[in-house]
Amino acid sequence: MKKMIVASSSAILGSGYLEYLLPTLKLHFKNVKTLTFIPYARPSGISYDVYTSIVKKAFGQIDINVKGLHKFKDYKEALLQSEGIFVGGGNTFELVNQLYKKDILSILKLAINNGVPFLSTSAGSNICGINMMNTNDMPVVNPPSFKTLGCIPFNVNTHYIEPLVEAENSTETKDRAFLKRHLLKGRETKIKEFHFYNKTPVLALREGSWLYVEGDKITLQGDYKAKLFRSKVKPIEIESGLEILIK
Ligand code: ASP
């Protein structure tokens, strides 16, 4: 049975890397001594070793050791033998590109379906859905396909913000006008464009929100609502704590 935490972000404003999630992760990974970390999204292009050391430090606080997948000789075997798996954020295009290059997308899916406790943040979460087409990232590389894990029956848009709030809170009139023009309709417009060509539902996850997946049951967790966008239907807000039921 799948046991996944699919988080919008690795950190929330004013707190350290994974800090807001640590109590949850302590329970989620309670039987895990060593976690396998997939560093391929490499935010800002940092090396796999540096990225893994950041993750190691965070998990050290809950006494879990971390080993980067790049350190194993046989990636497929490593994933299948993992006690727990974490796919970190960064650039979604490069993450997907590497998973295809190394031919491990289906093995990762198998490990998740087998019930290995799994965590993803940001770009890592973008690959849990049907495809990666709702990422906010720039296409810095060209992956062989946009198709991703399909471990949840919809796509996610991570780091979702309502730009209107930011624009309204800005004290600078000039800033406000700029934000309104460039950001106000930004996310919604992009998702609307996606739904002009595609039917896959998109769940927009705000910072500090995550999905808890237990088998086929998906529940929204964290302090915020999530916004569900579907083709030809007005978006709806879903309260935290509720099950995500998408037909
Ligand atoms: N670049 C983001 C991250 O991993 C993913 C996204 O915004 O789509 O943090």
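**Touring a predicted model**

Guide: Leaving out residues up to four places away in sequence, Cys128 touches Met4, Val6, Ser120, Leu149, Cys151, Ile152 and Val156. This is a predicted model, where local features need pLDDT of at least 70, side-chain atom pairs count only at pLDDT 80 or more, and totals for chains, interfaces and linings use all residues. Residues are numbered from 1 along each chain as its sequence is written.

Visitor: What makes two residues count as in contact?

Guide: Their C-beta atoms, placed from the backbone, lie within 7 Å. Cys128 is also among the residues with the most contacts inside the largest nonpolar core, which has 60 residues. Such a core is a set of buried Ala, Val, Leu, Ile, Met, Phe, Trp, Tyr and Cys residues joined through C-beta atoms within 7 Å.

Visitor: Why is helix 4 called mostly covered?

Guide: A residue is buried if 20 or more other C-beta atoms lie within 10 Å of its own, and 8 of the 10 residues in helix 4 (92-101) are buried. They include Phe93, Leu95 and Leu99. The buried residues of helix 4 pack against helix 5 (105-113) and helix 6 (123-126). Helices here are DSSP runs of H or I with at least four residues, and strands are runs of E with at least two.

Visitor: How do you know that strand 6 and strand 7 pair?

Guide: Pairing requires at least two bridges found by DSSP; strand 6 and strand 7 (202-206) have 4, in the parallel sense, so they are a pair. Tyr160 stands opposite Arg206 in strand 7.

Conventions:
Buried ≥ 20, exposed ≤ 12 C-beta atoms within 10 Å, placed from the backbone.
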